[in-house]
Amino acid sequence: MDDGLRVTDRLVVPSAELRERFSRSSGPGGQGVNTTDSRVELSFDLAASPSLPESLRGRALERLAGRLVDGVLTVAASEHRAQLANREAARERMVALLREAIAPPPKPRRPTRPSRGAKERRLAEKKRQSQRKRDRRVDGD
């Protein structure tokens, strides 16, 4: 856990830029639930991070704008009973969010037209369906 957060092959967020906060978790835990700080909040100051290149930082800030509070991305994990498991879960969520946020935009869609054969098949199927419904009528047409 000391080596930082590996987001991609080239991008690693150093542990010094991550902040962990622990608090009491709701949910399962038995008698220890009221005494153990098993909930983990992992925070990363995205806006001020020197480890992110400027282009990736801009893209991430734009895509995660709804999740950021003063440029800080926070992820919470409390589904496990053990603090260590919650720390791992929070780190995995943070990596997934950052990986998705810095991914390059998808290629623009090239508009295409249906082929002549596709149009003919569609029309033939429409005719078959209308004939089928016509055959089911009882009104004497």
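User: Serine 49 first. Buried or exposed?
Analyst: Buried. This is a predicted model, and in it serine 49 has a relative accessible area of 1%. The cut-off for buried is under 20%, so serine 49 qualifies.

User: Where does serine 49 lie?
Analyst: In the loop between E4 and helix H1, which covers 54–63.

User: And what is serine 49 in contact with, leaving aside its neighbours within four places in sequence?
Analyst: Glu17, Phe44 and Arg57.

User: Which side chain makes a polar contact with the side chain of serine 49?
Analyst: That of glutamate 17, at 2.5 Å.

User: Phe44 came up there. What does phenylalanine 44 stand opposite in E5?
Analyst: Leucine 73. E4 itself spans residues 39–45 and runs antiparallel to E5, with 6 bridges joining the two.

User: OK, zoom out to the sheet. What's the strand order?
Analyst: E3-E4-E5. The sheet is open, has 3 strands, and its pairing is antiparallel.

User: Which strands stand at the edges?
Analyst: Strand E3 (18–23) and strand E5 (72–77). Each has a single partner strand, so one side of each is left without a neighbour in the sheet.

User: How much are neighbouring strands turned against each other?
Analyst: By 20° on average, with direction ignored.

User: How many bridges pair E3 with E4?
Analyst: 6, in the antiparallel sense.

User: How many of E4's residues are buried?
Analyst: 5 of its 7, which leaves E4 mostly covered.

User: Now threonine 74. Where does it lie?
Analyst: In strand E5. Threonine 74 has 31% relative accessibility, so it counts as partly exposed.

User: What does threonine 74 touch, not counting residues up to four places away in sequence?
Analyst: Glu41, Leu42, Ser43 and Arg67.

User: Helices next. What does H2 lie across?
Analyst: E3, E4 and E5. Helix H2 takes in residues 83–102 and runs at about 140° to E5.

User: At what angle do H1 and H2 pack?
Analyst: About 110°, and their axes are 8 Å apart. The range for roughly perpendicular is 65 to 115 degrees, so H1 and H2 are roughly perpendicular to each other.

User: Which residues meet there?
Analyst: From H1, Leu56, Arg59, Ala60 and Arg63. From H2, Glu100, Ala101 and Ile102.

User: What's that contact like by class?
Analyst: It has 4 nonpolar residues, 3 charged and no polar ones.

User: One more in H2: is alanine 89 buried or exposed?
Analyst: Alanine 89 is in helix H2. Its relative accessibility is 10%, so it counts as buried. Leaving aside neighbours within four places in sequence, alanine 89 is in contact with Ala77, Glu79 and His80.

User: How far is the C-alpha of alanine 89 from that of serine 78?
Analyst: They are separated by 8.6 Å. Along the chain, the two are 11 residues apart.

User: Where does aspartate 70 lie, then?
Analyst: In the loop between H1 and E5. Aspartate 70 counts as exposed, at 76% relative accessibility.

User: Last one, aspartate 139. Where does that lie?
Analyst: In the segment after helix H3, which covers 116–136. Aspartate 139 is exposed, with a relative accessible area of 56%.

User: And how far is the C-alpha of aspartate 139 from that of arginine 109?
Analyst: 49 Å, for two residues 30 apart along the chain.

Terms used
Residues numbered from 1 in each chain as written. Predicted model: local features only at pLDDT ≥ 70, side-chain atom pairs only at ≥ 80, totals over all residues. Heavy atoms only, no water. Pairing = 2+ DSSP bridges. Helix = DSSP H or I, 4+ residues; strand = E, 2+ residues; numbered from the N terminus. Axes fitted to C-alpha atoms, helices over the stretch in contact; angles between N-to-C directions. Contact = heavy atoms within 4.5 Å. Buried < 20%, exposed > 50% of the residue type's maximum accessible area, 1.4 Å probe, protein only. Polar contact = N/O pair within 3.5 Å; in protein donor to acceptor, adjacent residues only side chain to side chain. Parallel < 35°, antiparallel > 145°, perpendicular 65-115°, else oblique. Nonpolar A, V, L, I, M, F, W, Y, C, P; charged D, E, K, R; others polar.
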